Amino acid sequence: MEKCKRLHFQADMDEFFTTPFCTALYLKKVNFEGSIYLIGSPSLRKELTDAGYTCSPVGPDPIPNDWMNWALKDMKLDPKVKAVVVGFDEHFSLTKLIRATSYLANKDCIFIATNPDEQYPCGSKSVVIPGTGSLVQAVATGACRKPIIVGKPEHFMPDCIKFRWPEMDPSSTLMIGDRLNTDILMGKRAGMKTLLVGSGCDSLDSVRRNVAENRMDLVPDFYVEKLGDLVDMMPST
């Protein structure tokens, strides 16, 4: 909200649809009961606990020196855990991976991911920061399970928005984003017009490659170099 105020955007809290919020909505939709093993951030945990769910702590989970012996003999799994939720976690570790995949060995344990973003944008061309999707894939590979993705590009997030504002017409709605395989793909799937901002994860070269490969669901309707370019295109009030 503070950032919106600084940028002179008028917005209310109920107009924000974040992946933590959608995670809580999904759990309510399926009438989830039980505890959650969480790989994620304090903000994700707060969203879930505010919604009434019990979650594991977040933060570092140190790797024991004899990690194999710990996993086989000393690791304690909570029998109340009925879901594993994976978001971005700067403290991701082998310990957390072992816990998550062990919980998911129970096929009745729900596996939820907030988003599939491969990399975290950092503005560097020489340094790569793995994103949430990298952590999700590690858990999915170890557990031999596919997650339920509640964020972009899957349908659950636009469905939530449509439920909140049933009068919204997708054909007259513009989806703005900097990532083709999440932002633009979700907009296309939801029947919205799409605009790619080239100052983030993808560029016009990425769009050209998708056109050449006939991957039109990853081709936006519009493109600008930076979000500020929209100001010059908007009618003055």
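The crossing of helix 5 and helix 6 is right-handed, a crossing being right-handed if the near helix is turned clockwise from the far one by less than a right angle and left-handed if anticlockwise. The model is a predicted one, in which local features need pLDDT of at least 70, side-chain atom pairs count only at pLDDT 80 or more, and totals for chains, interfaces and linings use all residues. Residues are numbered from 1 along each chain as its sequence is written, and side-chain values use heavy atoms, with hydrogens and water left out.

Helix 5 (residues 94–103) and helix 6 (residues 132–143) have axes that come within 9 Å and cross at roughly 50°; the two helices are therefore oblique to each other. Helix 5 also meets helix 4 (residues 67–74), with axes that come within 11 Å and cross at roughly 30°, so helix 4 and helix 5 are roughly parallel to each other. This crossing, too, is right-handed. Axes are lines fitted to C-alpha atoms, for helices over the stretch in contact, and angles run from 0 to 180 degrees between N-to-C directions. Angles under 35 degrees count as roughly parallel, over 145 as roughly antiparallel, 65 to 115 as roughly perpendicular and the rest as oblique. Helices (H or I, at least four residues) and strands (E, at least two) are DSSP runs, numbered from the N terminus.

Two spots in the backbone deserve a look. Cys144, in the loop between helix 6 and strand 7, has a positive phi, near 55°. In the loop between strand 7 (148–149) and helix 7 (156–164) sits Pro153, and the peptide bond that joins Lys152 to Pro153 is cis, with omega near 5°.
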